[in-house]
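Hello,

Here is the structure I promised to pass on. Please have it open while you read; my notes follow below.

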Amino acid sequence: VLLCEHQAIDISNMSAAMPEGGCSYYVVNVGNEKFLGTHDTQVAVCEKQGMGIDDASSENTPKHVGNIRWKVIECPHEAAAFYILNLESQQFLDTHGDDVRVWRRCDTNVEGTISANTSKHARNIRWKLIKCPHEEDAFYILNLGHQKFLDTHGDGVSVGRDPSTDVEGTVLANTSEHSGSILWRFLECPTGKVLLPRRFVECAGVGDGLSVTVMQFNVLADGMARGQFGGRVASSALAFGDRFILALMEVQRVSPDILCMQEVNHFRYWQDELGSLGYEGIFMPKYDASYPLGFQHPPAYYKGQPTDGCALFVRRDRLRFKSHVLRRFADLTGERDMPQVFIVAALENSASAQHVLTVSLSHLKAGGGTLNAEWRRIQGKAWVSEMRAFIASVGTAPLVICGDMNEDMRCAPQGAVASLCTCLGLSSAYVQGQGQDPAYTAIDGSWRGCLDYILVSKDFCARRLWEVPDLPDGALPSPQYPSDHLALAAELSFDPGLEVHLNLQPKRPEKQS
């Protein structure tokens, strides 16, 4: 579970286990059954105006969806240490020895704060969770910088410890009538949402060995969702907050090493949430103040929402960016009216710094008709040229290209997808693994088409593919799926002859959502 959705919680039927990194929780004090919460930088415990836990959680509406919800994040710098992040403020539980507040570096995001958390004061925001030996499902929350316990009396929250004894002695002796003031329960937040069922399907004849998982996902931009589907799809299925949660859930259950995304706006939210899951990313907007006139602001059909664009994320415990370029097709083709963009990046092994693969993505011109098809052909030709130049500068490596190509290669033998495959020696991962591309990857009312692709070089074999379910007309987007495009994903096995040169770090076990 990554984010919490508004839902009443039956506390009597919930139990607390050892909190897991990456999950979100209500943190409830055992002594007074109040929620740990925050407003601005202040931290307190609250009953939501005298209500009990059940009522307070049910009133925890989307307007303040994260004020009493906290994410536990494993510290990469210290074993058995955690950060505790408030979901509304995106700030960390912090103390300087007495009072407790929330804090984050003002010059960076959640990921940047964690990365830079190595100074002599680093442990002010690091906490250890100690299981209580006297009470089931209860924990002590110990600040590692000051070796003091998170404590509450009334509504205030502080840290403290009897200076006459150590941490272990405090835990063993904590059996008085006031023992609950430093004991806390972590109740995992339910999402209240159920995703469209999907699964990975094994491909025949591919053995074990080194692999990388690639995900292609057009997430349907905020603003454009209402413009395209308003009046035809339930408004609850178009709200960005709800769709954002579902999209993150889809990413989590695939658990890709490389995530290629189109129609991404509100990039900061994606960056913060995916950053806390272990990803780093880059973004190329379609509209920006630095662009020529006419392309500095999104057009009216964005409904006042910020520009979308393409985003590329990589799992930083396996891969990192060695170099990358961000390009506007208008700058490469001379067609000044093209807002479309693309990204190309050389990725290196996080452990050895060796260039292990090159990845690129784009979102090509939409629409039927001869003119739009010609624009896509021009974009494909420019993309090939830029890829060749990039490869010449960084060196040859296994290649992956993803995108919402806005055309079905089977119906466009001279189109952009065919050009990429022919000129760069690529093939579709789905054709490679199951003999054909999906019948469709996008639905709009009664129309459907195969628009999305994961194209790979001969260095890869598809080991597993994210299945495309059989859906009726008008099924996307929906309360069970956030976009009109189904995400594609492929676990790709490297050619065994390359393994000795790649030596990627082992992939972490996947957590099932």
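**Helix α5**

Helix α5 is mostly covered, with 14 of its 15 residues buried. Buried means under 20% relative accessible area, exposed means over 50%, and partly exposed lies in between (1.4 Å probe, protein chains only). Helices (H or I, at least four residues) and strands (E, at least two) are DSSP runs, numbered from the N terminus.

This is a predicted model: local features need pLDDT of at least 70, side-chain atom pairs count only at pLDDT 80 or more, and totals for chains, interfaces and linings use all residues. Residues are numbered from 1 along each chain as its sequence is written, and side-chain values use heavy atoms, with hydrogens and water left out.

Back to α5. The expected span of a helix is 1.5 Å times one less than its number of residues. For the 15 residues of α5 that gives 21 Å, and the end C-alpha atoms are 21 Å apart, so the two agree. Serine 255 follows α5 and has a positive phi, near 55°.

**Helix α6**

How many of the 10 residues of α6 (residues 267-276) are buried? The count is 7, so α6 is largely enclosed by the rest of the structure. Those buried are Phe267, Trp270, Asp272, Glu273, Leu274, Gly275 and Ser276. Their cover includes α5 (240-254), α2 (110-115), β4 (70-74), β15 (258-262), β16 (279-285) and β17 (309-315).

**Helices α8 and α9**

The axes of α8 (residues 370-394) and α9 (residues 416-424) come within 8 Å and cross at roughly 25°. Axes here are lines fitted to C-alpha atoms, for helices over the stretch in contact, with angles from 0 to 180 degrees between N-to-C directions. The two helices are therefore roughly parallel to each other (angles under 35 degrees count as such; over 145 is roughly antiparallel, 65 to 115 roughly perpendicular, the rest oblique).

On the α8 side, the contact is made by Arg376, Arg377, Gly380, Lys381, Trp383, Val384, Met387 and Arg388. From α9 come Ala416, Ser419, Leu420, Cys423 and Leu424. Contact means heavy atoms within 4.5 Å.

**Glycine 367**

Glycine 367 is found in the loop between β20 (355-363) and α8. Glycine 367 is partly exposed, at 37% relative accessible area. Leaving out residues up to four places away in sequence, glycine 367 touches Asn372 and Arg376. Its C-alpha atom is 8.6 Å from that of glutamate 407, 40 residues apart along the chain.

Best wishes
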